[in-house]
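Subject: Structure handover

Hello,

Please read them with the model open.

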Amino acid sequence: QVQLVESGGGLVQAGGSLRLSCAASGSIFSLNTMGWYRQAPGKQRDVVASITRGGSTNYADSVKGRFTISRDNAKATVYLQMNSLKPEDTGVYYCNLRQGYSQLYDYWGQGTPVTVSS
């Protein structure tokens, strides 16, 4: 099993910054992808950014140039630096770890809320 513990959410004014952290523990494979998803009120959970163990990243178009995902493999931790925040960035942010060989498995954190006021 894998456990993911997030931290860093909160309330911030538009234009501000927040940094989210997610620490993984348990049965973590040597190859995996970690990422952040966002679920706004009344909407589905969508990917915000992801990063492979090797450091390859992908971002949703809506956050490109504003958010930066990074990871520390030695600490099994992934970060999301969020700058120039907008009210539409509001939602619950979930950490995700995806790993597997013949089949991929997804693990989720409990979510951390982010509220951006205008």
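Phe29 is partly exposed, at a relative accessible area of 30%. On this scale, buried means under 20% relative accessible area, exposed means over 50%, and partly exposed is in between (1.4 Å probe, protein chains only). Tyr101 is exposed, with a relative accessible area of 62%.

Before the rest, two notes on the source. This is a predicted model: local features need pLDDT of at least 70, side-chain atom pairs count only at pLDDT 80 or more, and totals for chains, interfaces and linings use all residues. Residues are numbered from 1 along each chain as its sequence is written, and side-chain values use heavy atoms, with hydrogens and water left out.

Aromatic pairs

The structure holds two aromatic pairs. Rings of Phe, Tyr and Trp (its six-membered ring) pair if their centres lie within 6.5 Å; planes under 30 degrees apart count as stacked, over 60 as edge-to-face and the rest as tilted.

Phe29 and Tyr101 form a stacked pair, because their ring centres are 5.2 Å apart and their planes are at 15 degrees. Phe29 sits in the loop between β3 and β4 (33–39), and Tyr101 in the loop between β9 and β10 (104–108), so the pair ties together parts 72 residues apart in sequence. Strands (E, at least two residues) are DSSP runs, numbered from the N terminus.

The pair of Tyr37 and Trp108 is edge-to-face, because the planes are at 75 degrees, with ring centres 4.9 Å apart. Tyr37 belongs to strand β4 and Trp108 to strand β10, so this pair ties together parts 71 residues apart in sequence. Tyr37 is buried, at 16% relative accessible area. Trp108 is partly exposed, at 35%.

A charge over rings

Which rings have Arg45 over the face? Tyr94 is one, with Arg45 at 3.6 Å from the ring centre. Trp108 is another, with Arg45 at 4.7 Å from the ring centre. The rule here: NZ of Lys or CZ of Arg is within 6 Å of the ring centre and within 35 degrees of the ring normal.

The disulfide

The count is one disulfide, meaning a pair of cysteine sulfur atoms within 2.5 Å. Cys22 and Cys95 form the disulfide, with sulfur atoms 2.1 Å apart. The pair links distant parts of the chain: Cys22 is in strand β3 (residues 18–26) and Cys95 in strand β9 (residues 91–100), 73 residues apart. The torsion about their S-S bond is about -85 degrees, so the disulfide is left-handed. Cys22 and Cys95 are both buried.

Best wishes

Note on methods: Helix = DSSP H or I, 4+ residues; strand = E, 2+ residues; numbered from the N terminus.
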